[in-house]
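User: I would like to learn how to read a few features of a protein model. Please take them one at a time.

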Amino acid sequence: MPLAPIAFLTTLLHVFLAVRLLPALAQATGAWPVFALLLLVSAVTMPLPFLRRLPLPDALRAPVRWVGLLAMGWFSSVFVLAVVRDIGLLSAWAVTRLADLSMDRASWEQGSALAVMALATADSLVGLFFARRTPPVRRVEVPIAGLPARLAGFTIAQLSDLHVGPTIRAAYIARIVEEVNRLGADMVAITGDLVDGSVAELRAHVAPLARLRARHGTFVVTGNHEYYAGAHAWIDELRRLGLKVLLNEHVVLQTRSVHGAQTDEEILDSALLVAGVTDYTAGHFDAAHESDPQEALRDAPPMVATRILLAHQPRSAPAAAEAGFQLQLSGHTHGGQFFPWNLFVPLQQPFTAGLHRLQDMWVYVSRGTGYWGPPKRLGAPSEITLVTLRRADD
């Protein structure tokens, strides 16, 4: 969608907030010009991070993008709280009229306008802290029926939705790489939406991922944002960094070394199939990248029964279950990131976050390791996930 109509709409919404809040704030506090200035800055800067080329000196572009994205998170909270305020004021007026009670409407409007601004500012500051901290490690055990004994305890460090871009840069990624390397996982899985920008813009900020260490390496699948940013160039760049990008394909990992002669049973018991599909919507950008879990199993050895799929969107799960995978690792949803957007995720995705069961397959949906847009997380903490395979009968 073109940026101009969105900018026009957000400007109208800022005008609505000014009309609804500023008169009451002017009566309630002498600090109302501060709130007026915040609304003005928000209206002006919110569209700027989404311009491909800001007409500003290089030194100013990053700070302006930061301000615009912070404003987006703050505005979102102000708008939702203002709507709740209006509903509350209307309800209070109706109740007092029906019950023939008196209501000091001016006091209610002034107090509630102050509460809207204070709460929106406070939750934006708290959300900024939770977004920018190094994500905590979330440990998840997945019980898989028929899991060979040699695969019990196999670990996967999952990163998802890093969204390297205007506010997530090399230093943030380096902290995550250090945390993942401390886990000593058997493999690392990056389940899409790694970048928000071109290779030329972000090459240096993605580079720390080359330092990820795991026994079997790091595997990547594309998310929808890779296609917005130029998927083919990013696939080449990630492979140059030594990451293994899976495009509707699979690898078979021999997870345990067996000294001396190996029987067929020993080889099969320590084999794990890891597949990856392109993003659920990739076919809209490139027909050759149409997401296909069944294609990802082409020529797979039939006796390797333990099969894991990396798929950016949870929507891939029905096709993955039909193809015979035991576990799908996904992201995309951010767990909603912050209220009220968490309420809309179930309208598009079958799962929002956490471990779920679909037929005979487990689906784990990461809340994401980074964030998109506003540096803000509330009620949906970011995570580095450590998935451990367990035998269902243990």
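User: Is R298 buried or exposed?

Analyst: This is a predicted model, in which local features need pLDDT of at least 70 and side-chain atom pairs count only at pLDDT 80 or more, while totals for chains, interfaces and linings use all residues. Residues are numbered from 1 along each chain as its sequence is written, and side-chain values use heavy atoms, without hydrogens and water. Buried means under 20% relative accessible area, exposed over 50%, and partly exposed in between (1.4 Å probe, protein chains only). R298 is exposed, at 53% relative accessibility.

User: Which residue forms a salt bridge with R298?

Analyst: A salt bridge is a side-chain nitrogen of Lys or Arg within 4 Å of a carboxyl oxygen of Asp or Glu. For R298 the partner is E295, with the closest N and O atoms 2.8 Å apart. E295 is partly exposed, at 29%.

User: How many salt bridges does the whole structure have?

Analyst: The search finds eleven. One of them joins R390 and E141, with 3.4 Å between the closest N and O atoms.

User: Which residues are linked with R20 in a network of salt bridges?

Analyst: R85 and D86 are linked with R20 in that network. The D86 and R20 side chains meet at 2.8 Å, N to O.

User: What class of residues lines the largest cavity?

Analyst: Nonpolar means Ala, Val, Leu, Ile, Met, Phe, Trp, Tyr, Cys and Pro; charged means Asp, Glu, Lys and Arg; the others, Gly among them, are polar. The lining has six nonpolar, one polar and one charged residues.
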